[in-house]
Amino acid sequence: MAVALVLLLVAVASVLFHIYSPWWWTPIASNWRYIDDTINLTFWITGAVFCAVIAFMAYCVFRFHHKEGRRAAYNPENKKLEWWLSIVTAVGVAAMLAPGLVVWHQFVTVPDDATDVEVVGQQWMWSYRLPGKDGRLGTSDARLISPDNPLGLNPNDPNGQDDIVVQSDDLHLPVGKPVKVLLRSIDVLHDFYVPEFRAKMDMIPGSVTYYWFTPTRTGTFDVLCAELCGTAHAQMRSRVVVQEAKEYHAWLERQRTFAELSGQHDVAKAAYRTGRE
Amino acid sequence: MVDIPFDEVAGIPPAEVGEVELYHPHSWWTRYVFSQDAKVIAVQYSITAMSIGMVALVLSWMMRLQLGFPGTFSFIDANQYLQFITMHGMIMVIYLLTALFLGGFGNYLIPLMVGARDMVFPYVNMLSYWVYLLAVLVLVATFFVPGGPTGAGWTLYPPQAILSGTPGQDWGIVLMLASLILFIIGFTMGGLNYVVTVLQARTRGMTLMRMPLTVWGIFTATVMALLAFPALFVASVMLLLDRLLGTSFFMPTLVEMGQLTKYGGGSPILFQHLFWFFGHPEVYIVALPAFGIISDLISVHARKNIFGYRMMVWAIVAIGALSFVVWAHHMYVSGMNPYFGFFFATTTLIIAIPTAIKVYNWVLTLWRGDIHLTVPMLFALAFIITFVNGGLTGLFLGNVVVDVPLSDTMFVVAHFHMVMGIAPIMAVFGGLYHWYPKVTGRMLNEALGRFHFWVTFIGAYAIFFPMHYLGLLGMPRRYHDIGETTFVPASAHDLNAFMSVAALIVGFAQLVFLFNIIWSLFKGKEAGSNPWGAASLEWQTPETPPGHGNWGKDLPIVYRWAYDYSVPGAAGDFVPQNEPPAGLATQGAHP
């Protein structure tokens, strides 16, 4: 009796916790509302199953617990019941899987008008690169990495000269414009993770991974690393600032291109050499 | 399911392997230390696994102290936190659960449940334990080497696992990989034994479809482990070569602390595929024996046959087979080709169907039963709740697009602890309370058992159920300190502190269990040969604890399945597997 009650209480407490929990998603800031919807649907289906199974168990414990003279029934199997339960389960599973796959199809289909934005992870900081006026990012290679060229950009690629390079600063994005995030790492695995955007993807040294999203509201959002990358994994932070187009362009104007940055280095170096001689 | 007519014993085909000469110990050393008796080896495996498990438990306290009260404890820093999570995970999954279910329960129960005198290769069985012990010692050694154990996370993902930004890069990772290699060698020796024993050494009349589900679970898990562990073995060897000899199996051109390394051309994601090709079956290697044990506990203590035995067997086999084609659901956001997601989400969610059948059949076994709320039964009920909870959150994470926001958050941590931490541990405890009387001849103390049960079950649930919601909030895993964020409210820290206190309490409750095990060994109530009134063969031994060779002069003959409880017309509420059908003269039963 007491045991049945406790079992039931576990289910009730779980449901109440779910309803009244102050810990819930961050308000979404991207187009992936469908993901939230799929999670909600999954909560409904799995929650119903969870409650049904526990309630049934609790009832059995209450109704059939040992008493003097009780004898269990003998029924080895019931093919019909087992098949029905399997079919109902299969329907429930399909009801979660089908919308999930539809949304996944959207997730992997990058719209044609998405702007490329490169995010580079390294122990333990984030850097960003935006295409310049030509709308294209130049190539890069880890073998080109040097103190002067920390992101390993190809200095001979004309597409790369006007690329905007943002180091140790926030990434700014215009609201309402789809973005294809190209993810690159120069040392170990990292994962570019902004909770409000819902999307995330690992970055792997040696290859470029991607995902896309459209920022849907302005604001400043935390960037965290979601793939263990060593000692300072938890401190690998940055921010994404989503702005109206006008403010975004004003910010963009202030950024420096790869050509400018490398030129700066050359000038600085020359001055250094001159001073020394 | 007495589906074969037993007109006469002659109708029962002889055993595959008849009587063989057993190895007999000649001294105290060969009887209790270098023993070739599966029962002694089982106890050795269990004690070793539980001892190293206690280390992992203490590590979990350290982690919870840090998470609940960040910055309070000066002896825990970021590096140590990573080392704690790595060793905790590795120990719990491999050195405790795998070793305890297969090496412990498998060794003890397989020969007894199928009516064999011992494992078929006793010497190799002994070696299996000693190699396992060596693996554990190498693992423990990593705590004492310069730089300490590896902090790469239990998944040991390269490149970071072998680069200098991760603690334990010097010695820790090398010894970790060496220990894994040893473990797999040891396990393979044991595993071949379990499989061959089940296939070849079953006694007369013990057809495959009369075996208790515990044997089915352990057998299928062992077959899976023999197929899955080689993937981890090669991954470990390759990673070791990358670390020690500078090969580049998993290492692309990359920079280490600002310096270009000599590595080039390898693939970090190849390691992940190899790891999870082992890692996912591993989940079921731990779960299937638990499924089997729970089926038997429920049936015995509800005095009712397991409902839908045949479906249960096929569900075990189907889950085992399917679990080899779902591994990349651990890699949805790994950067592999995203189109794999369609395939792996589908296969993953299909596994839910045979798994759900098992759950239905457990609760339907309770229906119209005669439920004795013994300690093993309580643990079985708790197993169902925690397993259903963890299984259902698996439907979130398996559904590729839902996994994207949740992966690498505390939701994942909560999910896998519920489904392959708490649930299998409930099965372990249930199994220990259930079979302890057979192993020692004495009962575990019931009052201490109930206390242990309630604190462990409610406490563990209170740790891991709320943890899902921190994951929904977006809290990433493997963070020693969330630090400043805009999205984590102060109340989340209170929740963390609550979970930490619960974890400490649950941990201390395990000391009660340890005390119970030792105390009952001397002071426990005499159990007799079959205290639960169970029908399966291990309870029908002539001696309790079973002697060397298990069965006295003659091997038992099996006439029925393991679940003849409350059979209409039968005198008692159970009929042992080796009891001849009415009308068959007992003396005619000898082969």
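1. How many residues does helix 8 of chain B have, and what distance does helix 8 reach from its first C-alpha to its last? In this predicted model, helix 8 (residues 309-322) of chain B has 14 residues and reaches 20 Å between those two atoms, close to the 20 Å expected at 1.5 Å a residue. The expected span of a helix is 1.5 Å times one less than its number of residues. Helices (H or I, at least four residues) and strands (E, at least two) are DSSP runs, numbered from the N terminus.

2. On conventions, residues are numbered from 1 along each chain as its sequence is written, and chains are lettered from A and ligands numbered from 1 in the order in which they are written. The model is predicted: local features need pLDDT of at least 70, side-chain atom pairs count only at pLDDT 80 or more, and totals for chains, interfaces and linings use all residues.

3. Several residues of helix 8 of chain B are buried, including B:Tyr309, B:Met312, B:Ile316 and B:Ile319. A residue is buried if 20 or more other C-beta atoms lie within 10 Å of its own, exposed if 12 or fewer, and partly exposed in between, with C-beta atoms placed from the backbone. An α-helix has 3.6 residues a turn, so residues three or four places apart point the same way. The cover over the buried residues of helix 8 includes helix 3 (79-108) of chain A, together with helix 6 (213-244), helix 7 (268-301) and helix 9 of chain B.

4. Chain B as a whole contains 14 helices and 2 strands. Its radius of gyration is 24 Å, close to the 25 Å that the globule rule gives for 591 residues, so chain B is as compact as a globular protein of that length. The radius of gyration is taken over C-alpha atoms, and the globule rule is 2.2 Å times the number of residues to the power 0.38. Along the principal axes, the C-alpha atoms of chain B fill a box of roughly 85 × 50 × 50 Å. Of the 591 residues in chain B, 62% are buried.

5. Among the contacts in chain B with a separation of 6 or more, 81% are between residues 24 or more positions apart. Two residues are in contact if their C-beta atoms, placed from the backbone, lie within 7 Å.

6. The contact between the two chains takes 94 residues from chain B and 82 residues from chain A. On the side of chain B that touches chain A, the largest share, 13 residues, comes from helix 9 (residues 340-366) of chain B. That side of chain B divides into 61 nonpolar, 23 polar and 10 charged residues. Here Ala, Val, Leu, Ile, Met, Phe, Trp, Tyr, Cys and Pro count as nonpolar, Asp, Glu, Lys and Arg as charged, and the others, Gly among them, as polar.

7. Chain A has an average pLDDT of 90, and 95% of the residues score at least 70. pLDDT is the predictor's confidence in each residue, from 0 to 100. Where pLDDT is low, the predicted coordinates should not be read in detail.

8. Chain A is divided into domain 1 (2-65 + 76-108) and domain 2 (115-273); the bounds come from an automatic or database domain assignment. The centres of these two domains, taken over C-alpha atoms, are separated by 40 Å. Their contact takes 8 residues from domain 1 and 13 residues from domain 2. The side of domain 1 that touches domain 2 has 5 nonpolar, 3 polar and no charged residues.

9. Two cis peptide bonds deserve a check. One runs from A:Gln123 to A:Trp124, with omega near -10°; A:Trp124 is found in the loop between strand 1 (115-122) and strand 2 (125-130) of chain A. Another joins B:Pro158 and B:Pro159, with omega about 0°; B:Pro159 lies in the loop between helix 4 (122-141) and helix 5 (172-200) of chain B.

10. A:Arg198 is not a glycine, yet has a positive phi of about 70°. A:Arg198 is in the loop between strand 6 (190-193) and strand 7 (200-203) of chain A, and counts as buried because 26 C-beta neighbours lie inside 10 Å. B:Met257, also not a glycine, has a positive phi of about 50°. B:Met257 is exposed, with 12 other C-beta atoms within 10 Å.
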